[in-house]
Amino acid sequence: MLSKNIEIALNKQIRIEAESSQIYLSMACWSEVNGLEGIAQFMYAQSDEERLHMLKLIKYVNERGGHAQITDLTAPNTSYATFKNMFEALYHHELFVSNSINELVHITFEEKDYATHNFLQWYVAEQIEEEASAKNILDKINLIGDDKGGLYLFDRDIQQVAVANAAAANAAK
């Protein structure tokens with residue numbers, strides 16, 4: 001059984017994961033209407049992944065005797081000055097999510113809820129990967145600078161990342 005404190009904290013994380021999905025979805029839309037098909041495909045896939053993270057939390061809360069709550073979401077930004085600004089926002093959001101998960105892990109220690117602590121280790125590892133991916137993308141964008149040819153190649157490369165990630169996810173099923 002979950003303590004009320006942990007149930008509340010997990011429900012907060014459910015909302016954060018749902019908002020993350022919406023943020024990526026909004027970024028996909030912005031990318032698509034700005035001719036960045038590869039980036040859009042990557043963002044759509046990331047949005048789906050964040051939704052799965054949310055669903056995993058929902059199932060856990062409900063299976064552990066809690067009640068997962070679906071709440072209103074904060075509307076994401078719908079416009080960016082540049083694709084670099086968009087990826088900078090993405091990186092900062094991933095840092096925020098990591099901090100939130102770390103706080104949640106801390107609460108599980110305080111409450112001595114080792115089952116939930118163990119469950120959350122998947123999210124800790126996932127956030128390490130998400131942060132590294134976002135940082136790697138920003139590093140590449142900084143290398144490109146204002147080179148339009150570099151942007152074209154970057155858009156194609158990130159589309160390949162989305163395709164490879166989708167293939168890996170399907171193989172894992």
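When I say helix, I mean a DSSP run of H or I of at least four residues, and strands would be E runs of at least two, both numbered from the N terminus. This is a predicted model, so local features need pLDDT of at least 70 and side-chain atom pairs count only at pLDDT 80 or more, while totals for chains, interfaces and linings use all residues. Residues are numbered from 1 along each chain as its sequence is written, and side-chain values use heavy atoms, with hydrogens and water left out.

Start with α1. Helix α1 has 30 residues and spans 44 Å from its first C-alpha to its last. That is close to the 44 Å expected at 1.5 Å a residue, where the expected span is 1.5 Å times one less than the number of residues. Just after α1 comes Gly 35, with a positive phi of about 75 degrees.

Now the cores. Buried, here, is under 20% relative accessible area, exposed is over 50%, and partly exposed is in between, with a 1.4 Å probe and protein chains only. A nonpolar core is a set of buried Ala, Val, Leu, Ile, Met, Phe, Trp, Tyr and Cys residues joined through side-chain atoms within 4.5 Å. The largest one has 24 residues, and the members touching the most others are Ile 39, Met 43, Phe 83, Met 86, Phe 87 and Phe 154. At least two residues of this core come from each of α1 (4-33), α2 (37-63), α3, α4 and α5 (148-172). Apart from it there is another core, of 21 residues, including Leu 2, Leu 104, Leu 120 and Tyr 123.

By contact I mean heavy atoms within 4.5 Å. Setting aside neighbours within four places in sequence, Ile 39 contacts Ser 31, Phe 83, Met 86, Phe 87, Phe 154, Asp 155 and Ile 158.

Ala 134 sits in helix α4, residues 114-144, and counts as buried because its relative accessibility is 2%. Beyond four places in sequence, Ala 134 contacts Leu 90 and Tyr 91. Ala 134 and Asn 5 are 129 residues apart in sequence and 31 Å apart in space, C-alpha to C-alpha.

On to the aromatic rings. Rings of Phe, Tyr and Trp (the six-membered ring) pair if their centres lie within 6.5 Å; planes under 30 degrees apart are stacked, over 60 edge-to-face, and the rest tilted. That rule gives 6 aromatic pairs. For Phe 119 and Tyr 123, the centres are 5.6 Å apart and the planes are at 55 degrees, so this pair is tilted. These two residues are 4 apart in helix α4, about one helical turn, and both are buried. How are the rings of Trp 122 and Tyr 123 arranged? Their centres are 4.8 Å apart and their planes at 85 degrees, so they are edge-to-face. Trp 122 is partly exposed at 35% relative accessibility, whereas Tyr 123 is buried at 1%. Tyr 60, Phe 119, Trp 122 and Tyr 123 form one aromatic cluster.

Last, the charges. A salt bridge is a side-chain nitrogen of Lys or Arg within 4 Å of a carboxyl oxygen of Asp or Glu. By that rule there are 3 salt bridges.

Lys 4 is exposed at 56% relative accessibility, while Glu 7 is buried at 9%. Arg 15 bridges to Glu 19 at 3.0 Å between the closest N and O atoms; they are 4 residues apart in helix α1. Arg 15 is partly exposed at 32% and Glu 19 is buried at 15%. In helix α4, Asp 139 and Lys 135 meet in a salt bridge at 2.9 Å, N to O, and they too are about one turn of the helix apart.

Outside four places in sequence, Glu 94 contacts Tyr 24, Glu 50, Gln 127, Glu 130 and Glu 131.
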